[in-house]
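Please load the model in your viewer and keep the sequence panel open beside it.

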Amino acid sequence: ATPTAVMVATGVGANNGVLIKGGDALERAQMVKYVVFDKTGTLTQGKATVTTTKVFAEMDRGEFLTLVASAEACSEHPLAKAILEYARHFHFFEEPSAAMEAQDHRKDAKFSGWLLDVSEFSALPGRGVQCFINGKKVLVGNRNLLMENGVTIPSDAETFVVELEESAKTGILVAYDAVLIGVLGVADPLKREAVVVVEGLRKMGIKPVMVTGDNWRTAQAVAKEVGIQDIRAEVMPAGKADVIRSFQKDGSTVAMVGDGINDSPALAAADVGMAIGAGTDIAIEAADYVLMRNSLEDVITAIDLSRKTFSRIR
Ligand code: ADP
Ligand code: MG
């Protein structure tokens, strides 16, 4: 392709909300053999919603939600936002004035009358959050987080989590003072175009893959809905780049589509990194392409554009 053709293609991309960072990135996309999708926020809407809660301790639902929301108040994770939102609505019905204060939880979580005081907060990527409330350790996250901290998961709680996961939901476990006190179920629906795009890629001779930090059961349920057979689950943020490299081993050109901080190493490792425009700045920086319309259809637009631009010289 001539420099003019590359310039024209870059302009066509931009007009369609596909920002391409350079001619090399435009050229590599025509050869893509695998497209690796992140799950949360990429294949799914990233608008998690709490659908169920179950308390396994001597406390009422309101107390439970206050504790969990307090622990998550300093987290930027979509799951944390879902929990805060749910707890705030719950308290709105219980106690409207407290809920009004809770609206501002992000501004000044520590001094909100509704949320509890939290100390030693830490976010544990791929696992959850940890902090201290009333001098006791609070853990909110997946099984691994609880197990690493020596918390036993009773069989009735495990059964509840499995049920959630089999219906494509993520189970979030909560421990207080080393005892499991409850579970929340979070749903995050697929983007409307996801199924069609996965099918479209396959028709183009490209293999779709899903990679996620979420657990295997939820991952499998979501993959089934979207029509992807090849999945990697329970992958820690650093591990996503290794997944990309494993597909590159035989010389294949690999694209990664992602939105999160935890996707940026994989976006950088991929031959073609594509960031969702609504994603985090770090993901956008690491990528070669930015999909400004946030539609997965533009993964196909991008590959098509490259194929059309470079077909004449092959
Ligand atoms: P993904 O790869 O799907 O974007 P992450 O790597 O961000 O997922 O997180 C993996 C898993 O870690 C989540 O599915 C959840 O179980 C747990 N997790 C991470 N952050 C949080 C949090 N703030 N609260 C509760 N659970 C969390
Ligand atoms: Mg994501």
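Predicted model: local features only at pLDDT ≥ 70, side-chain atom pairs only at ≥ 80, totals over all residues.

Residues are numbered from 1 along each chain as its sequence is written, and chains are lettered from A and ligands numbered from 1 in the order in which they are written.

**Domains**

Colour domain 1 (3-45 + 190-313) and domain 2 (49-187) separately; these bounds come from an automatic or database domain assignment. Their centres, taken over C-alpha atoms, are separated by 32 Å. Where they touch, 13 residues of domain 1 are in contact with 11 residues of domain 2, contact meaning that the C-beta atoms, placed from the backbone, lie within 7 Å. On the domain 1 side, select helix H3 (39-43) and helix H10 (216-226), each of which supplies at least two residues; helices (H or I, at least four residues) and strands (E, at least two) are DSSP runs, numbered from the N terminus. H10 gives the largest share of that side, five residues.

**Ligand 1**

Which residues are the closest to ligand 1? Among the 23 residues that surround ligand 1, they are Thr 40, His 77, Gly 128, Asn 142 and Gly 213, where a residue counts as near if its C-beta atom, placed from the backbone, lies within 6 Å.

**Helix H1**

Move to helix H1 (residues 3-15), whose 13 residues should span 18 Å at 1.5 Å a residue, in agreement with the 18 Å between its end C-alpha atoms; the expected span is 1.5 Å times one less than the number of residues. Its buried residues are Ala 9, Thr 10 and Gly 13, a residue being buried if 20 or more other C-beta atoms lie within 10 Å of its own, exposed if 12 or fewer, and partly exposed in between, with C-beta atoms placed from the backbone. The three cover an arc of only 100° around the axis, which puts them on the same side of H1; the arc is that of the directions from the helix axis to the C-beta atoms. They pack against strand E1 (18-20), helix H2 (23-28) and helix H14 (297-310). On the face turned away, pick out Thr 4, Gly 11, Ala 14 and Asn 15, which are exposed.

**Helix H14**

Next select H14, where the buried residues are Asp 298, Val 299, Ala 302, Ile 303, Leu 305, Ser 306 and Thr 309. Looking down the axis of H14, you will find them within an arc of 155°, so they line one face of the helix.

**Two asparagines**

Although not a glycine, Asn 134 has a positive phi of about 50°, and with 12 C-beta neighbours inside 10 Å it counts as exposed. Asn 294, in the loop between strand E13 (289-291) and H14, is not a glycine but has a positive phi of about 60°. Is Asn 294 exposed or partly exposed? With 17 C-beta neighbours inside 10 Å, Asn 294 counts as partly exposed.

Key: Contact = placed C-beta atoms within 7 Å.
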